Amino acid sequence: MLYRMFIRIFLFLFTLLVFSGCSSRQYVYSGGNSSSRSTGEIKNSKNMQKATMRPYTVLGKKYYPTKVSINDSFSGIASWYGPNFHNKLTSNGEYYNMYAMTAAHKTLPMNTMLRVTNLDNGKKIVVRVNDRGPFVNSRIIDLSNQAAHRIDMVKKGTAPVRIEVIGFNGVIGNSLGSTKSVVMSNYAVQIGAFRNKNGAYRYAKQYKQVKGRYRSKVVVGQKDGIALYRVYLTGFKSEGEARDYKSNDGFRGSFIVRE
């Protein structure tokens, strides 16, 4: 609980440093539980959005906020948070209200509107992203106490869910057409190229899994009329994440490709 509170304070202060000079109102964390804080006011300035879309690191892991589109959908495990965080600052400078229909997500833009379906019972809700988290690998979203009650998952604590993007800036948009499941971006890092097929597959096997989230694959093409076997690392959630990997951990001569 304490590390989670520290994370939220850190993310808020980071945001504040970036845009406090352009804001007519400043927010300072002071603890306490004054009910007057939970006013329901939405923080939605351009500077806040810019600040909260920058990569950030929590518990040694780097996260890359990513833009999405209406009808994008994701699946995973939802959790919830409540009384211990009520009236504490969220990552975008609002005060968390456990009775509001809000949620925390690691990478979605602040004020993204989501439809969340509990896959155990089919119950659905609409929430607004105003915080970062949950910082547990197996979990995709952290719902407010009220939101969790609405889909009947409070007692169990977690639930398998599908989340669908239905709007931005706190406004529900036109959600026409079928949803499209989004898992990863189409950016990859090429780490090798071989004329010899066996050599390419041996090399790819060495890097079958990198940092627990990137995986290698061999893509067959041609150059000068001769087969060329390129080895890609995949699993990057955005171009920014791929560029960061290439700059800091990339292989010599590697470069970014778009599949």
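Okay, ground rules. It's a predicted model, so local features need pLDDT of at least 70 and side-chain atom pairs count only at pLDDT 80 or more, while totals for chains, interfaces and linings use all residues. Residues are numbered from 1 along each chain as its sequence is written, and side-chain values use heavy atoms, with hydrogens and water left out.

Let's start with the sheet near the end of my list of strands. Five strands make an open sheet, in the order S12-S13-S14-S11-S15, with antiparallel pairing. Strands here are DSSP runs of E, at least two residues, and helices are runs of H or I, at least four residues, both numbered from the N terminus. Two strands pair if DSSP finds at least two bridges between them. At the edges stand S12 (209–210) and S15 (255–258), each with a single partner strand, so one side of each has no neighbour in the sheet. S13 and S14 pair over nine bridges, in the antiparallel sense, and Ser216 has Leu233 in S14 as its bridge partner.

Now, what covers the buried residues of helix H4? The cover includes strand S11 (187–194), S13 and S14, where contact means heavy atoms within 4.5 Å. The buried residues of H4 (197–206) are Gly199, Ala200, Tyr203 and Ala204. Buried means under 20% relative accessible area, exposed over 50%, and partly exposed in between, using a 1.4 Å probe and protein chains only. Looking down the axis of H4, those buried residues fall within an arc of 135°, so they line one face of the helix; the arc is that of the directions from the helix axis to the C-beta atoms. Quick reminder: an α-helix has 3.6 residues a turn, so residues three or four places apart point the same way. On the other side of H4 you find Asn198, Arg202 and Lys205, which are exposed. And at the start of H4, a side-chain oxygen of Asn196 comes to within 3.0 Å of the backbone nitrogen of Asn198.

Next, strand S3. S3 runs antiparallel to S8 (159–168), joined by six bridges, with Ser73 opposite Glu164 in S8. S3 also pairs with S7, in the parallel sense, over five bridges; there, Ser79 has Asp142 in S7 as its bridge partner.

How many salt bridges does a search of the whole structure find? Four, where a salt bridge is a side-chain nitrogen of Lys or Arg within 4 Å of a carboxyl oxygen of Asp or Glu. Glu164 meets Arg162 at 3.5 Å, N to O, and Arg115, Arg162 and Glu164 are linked in a network. Glu164 is buried at 8% relative accessible area, whereas Arg162 is partly exposed at 27%.

Then there's Glu94 with Arg128, whose closest N and O atoms are 3.0 Å apart. Glu94 is in the loop between S3 and S4 and Arg128 is in strand S6, so this pair ties together parts 34 residues apart in sequence. Buried or exposed, that Glu94? Buried, at 4%, and Arg128 counts as buried too, at 9%.

Lys156 and Asp120 also meet in a salt bridge, at 3.0 Å, N to O. Lys156 sits in the loop between helix H3 (145–150) and S8, and Asp120 in the loop between S5 and S6, so that pair joins parts 36 residues apart in sequence. Lys156 is exposed, at 58%.

On to the rings. The structure has ten aromatic pairs. Rings of Phe, Tyr and Trp (its six-membered ring) pair if their centres lie within 6.5 Å; planes under 30 degrees apart are stacked, over 60 edge-to-face, and the rest tilted. Tyr81 and Phe85 have ring centres 5.7 Å apart and planes at 70°, so they are edge-to-face, and both are buried. Tyr214 and Phe236 are stacked, 4.2 Å centre to centre with 25° between the planes. Both Tyr214 and Phe236 are buried. Ring pairs also link Tyr56, Tyr63 and Phe135 into a cluster.

Last, some backbone details. The peptide bond from Gly133 to Pro134 is cis, with omega near -10°; Pro134 is in the loop between S6 (124–131) and S7 (139–144). Asn111 has a positive phi, near 70°, and counts as buried at 0% relative accessibility.

Note on methods:
A polar contact is a pair of N or O atoms within 3.5 Å; within protein, one must be able to donate a hydrogen and the other to accept it, and residues adjacent in sequence count only if both atoms are side-chain atoms.
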